[in-house]
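Subject: Structure handover

Hello,

Here is the structure for your files. My notes on it follow below.

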Amino acid sequence: FWAASAGYELIPIWAGFVGMVVVTVTCCVLSVRRNAPAVALLAFLGGFATPAVLPTGSDRPIELFVYLVALNGGLMLVARARSWPFLPVVSLVLTSLYQIFWITQRMGDGADRLAIAIAVSLAFPIVFALGARPKAGSSASASNTALWRGTRVVSVLLPFLSALYLALSAPMGPDLWPVGGMLVVLCAGAAWMAERDQMRFIALG
């Protein structure tokens, strides 16, 4: 699908994108049914690569991050169904790379762009805080439990770096209140997770 669209232009870019998404979903279903973590890992690596290898020639952050939220949601479902805590770790790393690249290289100026950056920085911690946890009633080893917990901790603390970058790069006039509001929400979320998971150091962080 990638070669047919981006390489040889046999099909439109959108058709190649849809085809690659269908492959990702099919591989996810197979990985759960066959208990094949390697298939799931390959599927999600392909899913994360899709936006990068099929460039549209224009910056479409809303479509990009909606796609990534959906991809992360599917990944969490697969990870919980089969108790594969390594998948959220991979997802957190790759999602963070997309965020860092867009905020530092593509965001530019403007209230609408700042709003997108703030929304993105708040959306993904929510996805990981709610989804990066073992299925209720499942037994997990100590190392797996540590991976689940570590992913949630990093996901809720990492967005503070986005806030710091925005505070350093934006003039603190009209941009003060959105960034300040973002920090309030992040602090409240960190405190809530610290209390829910009995990890008080998160709130301190």
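A search of the whole structure, which is a predicted model, finds four aromatic pairs. Rings of Phe, Tyr and Trp (its six-membered ring) pair if their centres lie within 6.5 Å; planes under 30 degrees apart are stacked, over 60 edge-to-face, and the rest tilted. One of the pairs is Phe 65 with Trp 102. This pair is edge-to-face, at 5.9 Å centre to centre and 85° between the planes. Phe 65 sits in helix α4 (residues 61-82) and Trp 102 in helix α5 (residues 86-106), so the pair ties together parts 37 residues apart in sequence. Phe 65 is buried, at 5% relative accessible area. Trp 102 is buried too, at 2%. Buried means under 20% relative accessible area, exposed over 50%, and partly exposed in between (1.4 Å probe, protein chains only). Phe 65 and Trp 102 form one aromatic cluster with Phe 124.

On conventions: residues are numbered from 1 along each chain as its sequence is written. Local features need pLDDT of at least 70, side-chain atom pairs count only at pLDDT 80 or more, totals for chains, interfaces and linings use all residues, and side-chain values use heavy atoms, with hydrogens and water left out.

Now the fold. The chain has 10 helices and zero strands. These are DSSP runs, numbered from the N terminus: helices are H or I with at least four residues, strands E with at least two. The radius of gyration is 18 Å, close to the 17 Å that the globule rule gives for 205 residues, so the chain is as compact as a globular protein of that length. The radius is taken over C-alpha atoms; the rule is 2.2 Å times the number of residues to the power 0.38. The C-alpha atoms fill a box of roughly 50 × 45 × 15 Å along the principal axes. Of the 205 residues, 38% count as buried. Take contacts (heavy atoms within 4.5 Å) between residues at least 6 apart in sequence: 68% join residues at least 24 apart.

One more residue to look at: Val 53. Val 53 lies in helix α3 (residues 37-53). Val 53 is partly exposed, with a relative accessible area of 31%. Which residues does Val 53 contact, leaving aside its neighbours within four places in sequence? They are Trp 2, Ala 6 and Met 20. Val 53 and Trp 2 are 51 residues apart in sequence and 7.5 Å apart in space, C-alpha to C-alpha.

Best wishes
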